[in-house]
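Hi,

Here is the structure I promised to pass on. Have a look at it first, and then read my notes below.

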Amino acid sequence: MSVPMAPAALYHHGLRLLLEKDIPGWMDLWDEEGVMEFPFAPPGWPRRLEGRQAVADYMHPYPDHIDLHGFPEVKILQTTVPETIVVEMRGVGRLVATDSPFDMTYIAVVTVHDGRITSYRDYWNPLAVQQPGVDFVGADR
């Protein structure tokens, strides 16, 4: 029986999968009941996604809208809870619709249990969605 990846290793692996645009592979890192939250989501954007399928539905179109090139700054902090990490990072790339630069800073609080993401709170910058080409989740719905 293999030992599950530690939260920091799992997170780094997930970043590699996102750069490879492997959303199904990234989703394999999630627990079936995993929850993704966006506490700073602006009106019209989802604040909470419950279950791996809801997260997959949200993430599926991501590569069609944001072409990630790298994560030049990633700092992972261990909390007093071994299964939970805090991540400070920056993602860069381009917006596919406009071919304009994409540069986003994030803070995430991620909990991993038995090698799967069970909770991911993504504190991304809501001002960034004011750029044309960023609305890939149908915020107008």
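**What I found**

Going along the sequence, the protein reads α-α-β-β-α-α-β-β-β-β. That makes 4 helices and 6 strands. Please keep in mind that this is a predicted model. Of the 141 residues in the protein, 43% are buried. The accessible surface is about 7600 Å², and carbon and sulfur atoms account for 54% of that. If you take the contacts between residues at least 6 apart in sequence, 52% of them link residues at least 24 apart.

Now for the hairpins. β4 (residues 84-95) and β5 (residues 100-113) are antiparallel and share 12 bridges. Two pairs to click on: Glu88 has Ile107 of β5 as its bridge partner, and Val92 stands opposite Asp103, also in β5. The hairpin formed by β4 and β5 has 4 residues between the strands, and Asp99 in the turn has a positive phi of about 60 degrees.

β5 then runs antiparallel to β6, with 6 bridges joining them. Here His113 faces Arg116 in β6. Asp114 is not a glycine, and it counts as exposed because its relative accessibility is 60%, where the cut-off for exposed is over 50%.

Unlike an exposed residue, which needs over 50%, Lys21 has 34% relative accessibility and so counts as partly exposed.

**The helices**

Which of its residues are buried? They are Val55, Ala56, Tyr58 and Met59. These residues are on the same side of α3, because they cover an arc of only 160 degrees around the axis. On the face turned away from that buried side you will find the exposed residues Gln53 and Asp57. The cover over the buried residues of α3 includes α1, α2 (23-27), β1, β2 and α4 (62-65).

**The core**

The largest nonpolar core has 36 residues, and Tyr11, Trp26 and Tyr120 are those with the most contacts inside it. At least two residues of this core come from each of α1, α2, β1, α3, β3, β4, β5 and β6. β5 supplies the largest share, 6 residues.

Neighbours within four places in sequence aside, it contacts Gly14, Leu17, Leu18, Met36, Val55, Met59 and Tyr120. Two of these, Val55 and Met59, are among the buried residues of α3, and Tyr120 is one of the residues with the most contacts inside the core.

Last, a look at Ser119, which is in strand β6. Is Ser119 buried or exposed? Its relative accessible area is 14%, so Ser119 counts as buried, the cut-off being under 20%. Residues up to four places away in sequence left out, Ser119 touches Val35, Val109, Val110 and Thr111.

That is what I have for now. Tell me what you make of it.

Cheers

Conventions:
Residues numbered from 1 in each chain as written. Predicted model: local features only at pLDDT ≥ 70, side-chain atom pairs only at ≥ 80, totals over all residues. Heavy atoms only, no water. Pairing = 2+ DSSP bridges. Buried < 20%, exposed > 50% of the residue type's maximum accessible area, 1.4 Å probe, protein only. Arc of directions from axis to C-beta. Contact = heavy atoms within 4.5 Å. Core = buried A, V, L, I, M, F, W, Y, C linked by side-chain atoms within 4.5 Å. Areas by Shrake-Rupley, 256 points an atom, 1.4 Å probe, with all protein chains shown as cover.
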